[in-house]
Amino acid sequence: MNADFDQIRSWYVSLEPWELVVLAGFPLAVILLRRWIANGSIALLSAALQRFGVSTPPAFRDGVRPAMSSLIVAIALYATCATLDLGPAIEAVALNVLRTFIIFFIFWLLNQSLQLLIDQGQTFGVSEAYLHGAWTKQILTFTLIILMIVVILKAWGIEVGAALTGLGIAGAAVALAAQDLIQNVIAGFNNASEQRFKPGDWVKVAGKLEGIIEEINLRSTTVRQFDNGLVYVPNAVFANTAMVNFSRREARRIYWTIHLRPGIEAARLEAICTDIRTYLEDSDLFTNEPSGSPFVQLYDIEDARVSVLIYCFAATQSYTGELDARHALILEIKRIIEAAGAEFAPPVTDVNLTGAGPFPASADSADQGVSPQT
């Protein structure tokens, strides 16, 4: 310890005045001017990205500025130490420490830049299904951390080959113990590659759950059910089970049967159907695409009522939009039927008076040959 201290003191005494100025002045100047230097560096980076059609909004520049400033200071300190004759012992430790900081700040800057570019990934025309899942950023950060550790070990002269071999053996054992985790991670990749859903989609897995996708993570997906409860669903459930994505519908189906009293003339029945069909075809609330053309037809006739089938599609993907379309359609149907002088038929109720009911037929009525149904 004393020998190292004597070496440092001897080095300090041997310094020329200009070397002391460089040792203290240059890093201090860079520290004081780091914000302006960082802004200039970010401007150059933004200009380079702009050449490839990638915009850099203020949020991007603000996000990478701390990493850029720290990297500039670390480079200045490294350049200062590399210029001065620090001696073998000091130089070996100092430069390796500064290399470590430079590598860390480079990977920090790279991670910040890629995270921010992912947030505005539509610039590249990438599907939202790949961008809005938290697992995308998690995998990116984890990969960069592993690469950073390998580079830092190399900078210190540590051979990583043997360590990686040991990690490979240990990784195989971990993989056997974490089959469920690995299965869900791979399923998350499959879900993203097939673009099954994204945050905000209304999905349903038959017999399991129904709700709105809130967050897509590395192992699981968070779904908020319509009772406002959160469900954390393993990604494998979505990968291995049939799922309905209601948000992918171009329109929302309305399938009704209305019942009218049978005493109305055929001509007025035809007019009612025509008026309802015309409203559906003319209203902007409903679609008239070939796959969603409205149908309004007489469907059935019974003693107590005549049935009219109404089959159409509301031109919306949202539930509130469907409710608005239903509301308007009900009011219009009411107006049309009232204007035609028709009336809705009351519901048909089947009354069962057989002996199987709660009151069995009496012995007297059975002996006199009277049916319990009379």
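This report walks through a predicted model of one protein chain, from its overall make-up to a few individual residues.

## Ground rules

Because this is a predicted model, local features need a pLDDT of at least 70 and side-chain atom pairs count only at pLDDT 80 or more, while totals for chains, interfaces and linings use all residues. Residues are numbered from 1 along each chain as its sequence is written, and side-chain values use heavy atoms, with hydrogens and water left out.

## The chain as a whole

The protein chain has 13 helices and 8 strands; these are DSSP runs numbered from the N terminus, with helices (H or I) of at least four residues and strands (E) of at least two. Of its 374 residues, 33% are buried. Here, buried means under 20% relative accessible area, exposed means over 50%, and partly exposed is in between, using a 1.4 Å probe and protein chains only.

The chain exposes about 22600 Å², and carbon and sulfur atoms supply 62% of that area. The areas come from the Shrake-Rupley method with a 1.4 Å probe; for residues, only the protein chains shown count as cover. Among contacts (heavy atoms within 4.5 Å) between residues at least 6 apart in sequence, 65% join residues at least 24 apart.

The average pLDDT, which is the predictor's confidence in each residue from 0 to 100, is 77 for the protein chain, and 73% of the residues score at least 70. Helix H11 (residues 266–282) has the highest confidence, at a mean of 94, and helix H13 (residues 363–367) has the lowest, at 39.

Two stretches call for care. Over residues 122–133 the pLDDT is below 50, and this stretch has 23 contacts in the model beyond near neighbours in sequence. Residues 355–374 also stay under 50, with 7 contacts beyond four places in sequence. Where pLDDT is low, the predicted coordinates should not be read in detail.

## Helix H11 and its cover

Let us turn to H11. This helix has 17 residues and reaches 24 Å from its first C-alpha to its last, close to the 24 Å expected at 1.5 Å a residue; the expected span is 1.5 Å times one less than the number of residues. Its buried residues are Leu269, Ile272, Cys273, Ile276, Arg277, Tyr279 and Leu280. They cover an arc of only 160 degrees around the axis, which puts them on the same side of H11; the arc is that of the directions from the helix axis to the C-beta atoms. An α-helix has 3.6 residues a turn, so residues three or four places apart point the same way.

On the other side of H11, Ala267 and Asp282 are exposed. The cover over the buried residues of H11 includes strands E6 (252–260), E7 (295–301) and E8 (306–314), along with helix H12 (319–339).

## Strand E8 and its partners

Strand E8 is mostly covered, with 8 of its 9 residues buried. E6 and E8 run antiparallel and are joined by 9 bridges, and tryptophan 256 stands opposite isoleucine 310 in E8. Strands count as paired if DSSP finds at least two bridges between them. E7 also runs antiparallel to E8, through 6 bridges, and leucine 298 has valine 308 in E8 as its bridge partner.

A hairpin of 4 residues joins E7 to E8, and arginine 305 sits in this loop. Is arginine 305 buried or exposed? At 16% relative accessibility, arginine 305 counts as buried. Leaving aside residues up to four places away in sequence, arginine 305 touches His259, Leu260, Pro262, Ala345 and Val348.

Strand E1 (residues 202–205) pairs with strand E2 (residues 209–216) in the antiparallel sense over 4 bridges, and the bridge partner of valine 205 is leucine 209 in E2. Their hairpin has 3 residues between the strands, and in it glycine 207 takes a positive phi near 75 degrees.

Asparagine 228 lies in the loop between strand E3 (220–225) and strand E4 (230–234). Its phi is near 75 degrees, a positive value in a residue other than glycine. With 53% relative accessibility, asparagine 228 counts as exposed.
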